[in-house]
Amino acid sequence: MTTQLHEEGIGQVQGGFERAFGKNKEVRYFFAPGRVNLIGEHTDYNGGYVFPAALSFGTYVAVVPRQDGKYRFRSLQFEAEVDVDVTDIVYRKEDDWANYPKGVLVQLLELAGAGEAGAGVGAYQGADLVYWGNVPNGAGLSSSASIELATALALSSLAGLVIPTMELVKLSQRAENRFVGVNCGIMDQFAVGMGKQGHAMMLKCDTLDYAYVPLAIEGCKLIITNTNKRRGLADSKYNERRQQCEDGLEAIRRELPQLASLGELSVDAWEQVRGLIADPIIANRVEHIVREDDRVLRAQASLAAGDLTTFGELMKQSHESLRDLYEVTGFELDSLFAVAKDVDGCIGTRMTGAGFGGCNVSLVREEAVERFMTQVADGYTRATGLAPSFYICDIGDGAHEIVL
Ligand code: GLA
């Protein structure tokens with residue numbers, strides 16, 4: 001099923017594999033996309049709703065099995081070349097990008113050792129892997145989750161195992177939490193693993209109940225604009241926000257001891273208990289989460305009803321809340337938002353992903369796409385001195401093997 005879409009990616013890893021490890025007839029190819037989140041930001045680790053979709057670009061990996069227990073990781077875009085033995089896999093800072101696939105391998109071994117994935121650890125006998133991707137790094141489009149899912153699917157397939165995608169999603173998140181040390185929620189790995197062409201996904205992050213929602217935006221395009229400001233300090237600020245949400249939850253539990261997460265708190269219930277939180281910053285964080293969750297529900301309903309105007313308004317409100325209450329936008333994302341929202345034909349616009357730099361996503365009428373890009377580039381560059389990049393989104397499928 002190679003489509004034109006994957007031609008470049010397959011070409012890259014095919015050539016790269018030959019140069020790194022020599023020609024091999026057994027080579028198999030796997031792909032996992034990046035993702036864009038349409039609305040529902042920082043709600044995932046609070047057990048709330050998110051509404052992401054998989055992109056048509058992502059990470060490609062060419063892979064051939066070995067029988068000596070060695071895994072050799074190469075990338076056409078990162079320098080570190082990393083070889084590990086399956087009996088001895090530890091996090092090493094200098095291994096850089098390869099810590100993601102190493103972390104995934106550790107989780108696969110744990111699953112196999114627990115007897116849950118059928119064949120036992122002996123199924124993992126080694127492999128040579130070469131990666132290439134077209135998700136911009138550090139831009140908030142989940143380049144790391146796409147490396148994780150591509151690896152999880154490739155290595156489990158090579159081991160002869162068919163692990164349900166949802167398991168691969170969860171173990172990839174564990175790899176990032178436990179091995180790489182980033183305390184992310186489930187959204188990115190879920191979207192990258194479970195994506196479906198032409199659909200967004202409505203996910204409740206505590207129960208993992210989800211539904212595919214046709215992305216019915218006829219006459220419009222989704223445009224991702226990269227601020228080209230890398231996400232500085234993102235991890236420490238991210239963890240700080242998580243802690244603030246925990247603190248808020250704990251305070252609310254004094255009156256609502258049954259509350260398992262902020263995702264269970266309705267707007268009305270929140271209005272009743274907000275007095276329990278003395279610290280205004282913590283109260284703002286909770287206010288964002290509760291209202292953002294409500295916005296996701298309304299956004300999905302408006303999309304289903306074909307009401308793109310309301311959908312767009314909710315996107316803008318989401319950005320304003322992330323700017324004013326959750327404080328994760330920053331100068332570049334806010335400058336971009338300020339210009340984008342005023343372009344004639346831009347229906348909705350907001351930051352997407354963790355924030356602190358990275359990307360914005362906008363819903364733009366087809367006839368206004370050119371104007372949008374010109375005006376946004378002008379205004380944004382005038383404000384920040386940076387040139388933005390634009391990607392017109394196609395919503396693609398989740399992680400899968402590409403059979404040539
Ligand atoms: C990052 C994390 C996700 C999610 C978003 C914010 O992308 O990896 O789990 O928390 O930030 O919505």
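This is a predicted model: local features need pLDDT of at least 70, side-chain atom pairs count only at pLDDT 80 or more; totals for chains, interfaces and linings use all residues.
Student: Which residue just after helix 8 takes a positive phi?
Tutor: Look just past the end of helix 8. There, a phi of about 75 degrees belongs to Gly 306.

Student: Are helix 8 and helix 9 roughly parallel or roughly antiparallel?
Tutor: Helix 8 spans residues 280–304 and helix 9 spans residues 308–324. Their axes (lines fitted to C-alpha atoms over the stretch in contact, with angles from 0 to 180 degrees between N-to-C directions) come within 9 Å and cross at roughly 165 degrees. Under 35 degrees is roughly parallel, over 145 roughly antiparallel, 65 to 115 roughly perpendicular, and the rest oblique. Helix 8 and helix 9 are therefore roughly antiparallel.

Student: Which residues of helix 9 make the contact with helix 8?
Tutor: Contact means heavy atoms within 4.5 Å. Helix 8 brings His 288, Glu 292, Arg 295, Arg 298, Ala 299, Ser 302 and Leu 303. Helix 9 brings Leu 308, Thr 310, Phe 311, Leu 314, Gln 317, Ser 318, Ser 321 and Leu 322.

Student: Where do helix 2 and helix 4 lie, and how are they oriented to each other?
Tutor: Helix 2 covers residues 99–113, and helix 4 covers residues 165–180. Their axes are 8 Å apart and pack at an angle of about 120 degrees. Helix 2 and helix 4 are therefore oblique.

Student: Which residues of helix 4 make the contact with helix 2?
Tutor: On helix 2, the contact residues include Tyr 100, Val 104, Gln 107, Leu 108 and Leu 111. Helix 4 answers with a list that includes Leu 168, Leu 171, Ser 172, Ala 175, Glu 176 and Phe 179.

Student: How is helix 3 oriented to helix 4?
Tutor: Helix 3 runs over residues 143–158. The axes of helix 3 and helix 4 come within 9 Å and cross at roughly 125 degrees. That makes helix 3, relative to helix 4, oblique.

Student: Which residues of helix 4 does helix 3 meet?
Tutor: Helix 3 uses Ser 144, Glu 148, Leu 149, Ala 152, Leu 153 and Ser 156. In helix 4 they meet Leu 168, Val 169, Leu 171, Ser 172 and Glu 176.

Conventions
Residues are numbered from 1 along each chain as its sequence is written. Side-chain values use heavy atoms; hydrogens and water are left out. Helices (H or I, at least four residues) and strands (E, at least two) are DSSP runs, numbered from the N terminus.
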